[in-house]
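Here are a few notes from my look through this one, in the order I'd go through them with the model open. Have a look and see if you read it the way I do.

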Amino acid sequence: MTKVIVVGSGSAGATAARELARSGADVLVLEAGASFRPFMRNLTWTVPFRRMGLLFDVRVLGLLFRHLKISKTPEGLIRVRGYATGGCTSISYGCLVRAEEGFERIGLDLSPEFEELEREIGPTFVPRDQWRPMTRELFDAAERMGLSPQRMPKLVDLERCIACGLCGVGCKTGAKWDARRFLDQAVEAGAYLRLKSPVTRLLLRNDRVEGVEVRGSLGRERVEGDAVLLAAGALGTASILQASGFSQQGGAWGDIVLTLGGSFPGALAHQEIPMTWYAPRPGYILSPYIDWLAHFFHKPWRSVPIQNRVGLMIKLADQADGRLDSKGILHKAVTQQDQSRFQEALAEAERLFREAGVQGDLVAGLHSAGHWGGTVPLSKEDVSTMHPGFLPDNLWVGDLSLVPQAQGLPTLLTAASLGLKTARSMMNSGRWLNG
């Protein structure tokens, strides 16, 4: 039986592992983190620390929420990632949209995979009567302004959801879908899941991959396989490739987020499902959202009690210019072009707030990014096989690394669809088995 090593258990990795296991392959999933457990405590205990400014650095959150890894690039951009089973889906806000910007240019069509996964996962829409009044008013104001707002497809079981607003630290009721469901199904189909097994590099011989090197509690270990599928997120995948002697092929992008915050008495926006609607704009979206990073760590936000805080997220398709240096450190800034586009989006968000009746000071939050992609971009020539031509025949990439440009949209569905399409292309191609 063919042994396939899948690196990563997020949206792409879990989907690919399930497909490969159901196709008869002997699948080993290597996850760098531990089994995900949602944060169960109430956040009220943080209030005095926040008020006194003792929560002084965003990286402190990594100590409070052990499955949430937060770092900064040397240029100051906040990098967010999930480090556990389910990857970033476990800490996502459960949005399922088709992010496919630039796909036509390279001839990539994920429509069949989109449709299949949408049917299976079954996104829903949060009824308008479950929105907070200010969220409804912002939607209506966006309509009056001609912004064409639309309800966001959500991966939430409304009967189980308690509208705690804390999707980003894990759903404690199990109402939100995440990739652990596909991962469980992969295991049921025969896949083996190994936790706390970060892959450091590939084992190469005669232009073939023989397996991977894993860093464990007892040191470094060889794990052999007939083929390897990298789905460790664009930066994790790029880091493994770089450590194995491959150069980064494309610039990293992250769909940079910046939230404009305002105040409205009794808004209670933190006690509703986030991102219930969005307004698609050229290269970005606007969506109601509470920026918890800014709430905890951005000094200008401390004066507004959380019950009065309202926010509009700007998710921007940033320039794909991020690079890993020789030490594997990501260098990524908010470029001058990104800044200019953010200023336009902030002005639009301010007009929307004013149209909805939000008065007083409006304050922008912190730049952060968590949808990393672009480091192993597909070319037109690669799309038919879903296999980047510079890689050995039995080495594949199945995550957002393959997407050349930023999306400015939630990317969970796109990552899962890439994992599905790559796994099927992998099994349908005989050349990777010829050693």
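This is a predicted model: local features need pLDDT of at least 70, side-chain atom pairs count only at pLDDT 80 or more; totals for chains, interfaces and linings use all residues.

1. Five strands form an open sheet in the order 6-2-1-10-19, and the pairing is parallel. The edges belong to strand 6 (192-194) and strand 19 (395-397); each has a single partner strand, so one side of each lacks a neighbour in the sheet. From one strand to the next, the twist averages 20 degrees.

2. Now the pairings of strand 1. Strand 1 (residues 3-7) runs parallel to strand 2, and five bridges link the pair.

3. Is strand 2 enclosed or open? Strand 2 covers residues 26-30, and four of its five residues are buried, so the strand is largely enclosed by the rest of the structure.

4. On to a helix pair. Two packed helices are described by the angle between their axes and the distance between the axes. For helix 5 (residues 111-121) and helix 11 (residues 412-428), the axes come within 9 Å and cross at roughly 115 degrees. That makes helix 5 roughly perpendicular to helix 11, a class that takes in angles of 65 to 115 degrees. The crossing of the two helices is right-handed.

5. Which residues make the contact between helix 5 and helix 11? Helix 5 brings Glu113, Phe114, Glu116, Leu117 and Glu118, while helix 11 brings Leu413, Thr414, Ala416, Ser417, Leu420, Lys421 and Arg424. Sorted by class, the contact of helix 5 with helix 11 comes to five nonpolar, two polar and five charged residues.

6. Last, a loop residue. Ala320 lies in the loop that joins strand 14 (309-316) to strand 15 (323-324). With a relative accessible area of 35%, Ala320 counts as partly exposed, since that class lies between the 20% limit for buried and the 50% limit for exposed. Setting aside neighbours within four places in sequence, Ala320 is in contact with Gly251, Ala252, Trp253 and Pro404. Lys332 is twelve residues away from Ala320 along the chain, and 9.1 Å separates their C-alpha atoms.

Conventions. Residues are numbered from 1 along each chain as its sequence is written. Side-chain values use heavy atoms; hydrogens and water are left out. Axes are lines fitted to C-alpha atoms, for helices over the stretch in contact, and angles run from 0 to 180 degrees between N-to-C directions. Angles under 35 degrees count as roughly parallel, over 145 as roughly antiparallel, 65 to 115 as roughly perpendicular and the rest as oblique. A crossing is left-handed if the near helix is turned anticlockwise from the far one by less than a right angle, and right-handed if clockwise. Contact means heavy atoms within 4.5 Å. Ala, Val, Leu, Ile, Met, Phe, Trp, Tyr, Cys and Pro count as nonpolar, Asp, Glu, Lys and Arg as charged, and the others, Gly among them, as polar. Buried means under 20% relative accessible area, exposed over 50%, partly exposed in between (1.4 Å probe, protein chains only). Two strands pair if DSSP finds at least two bridges between them.
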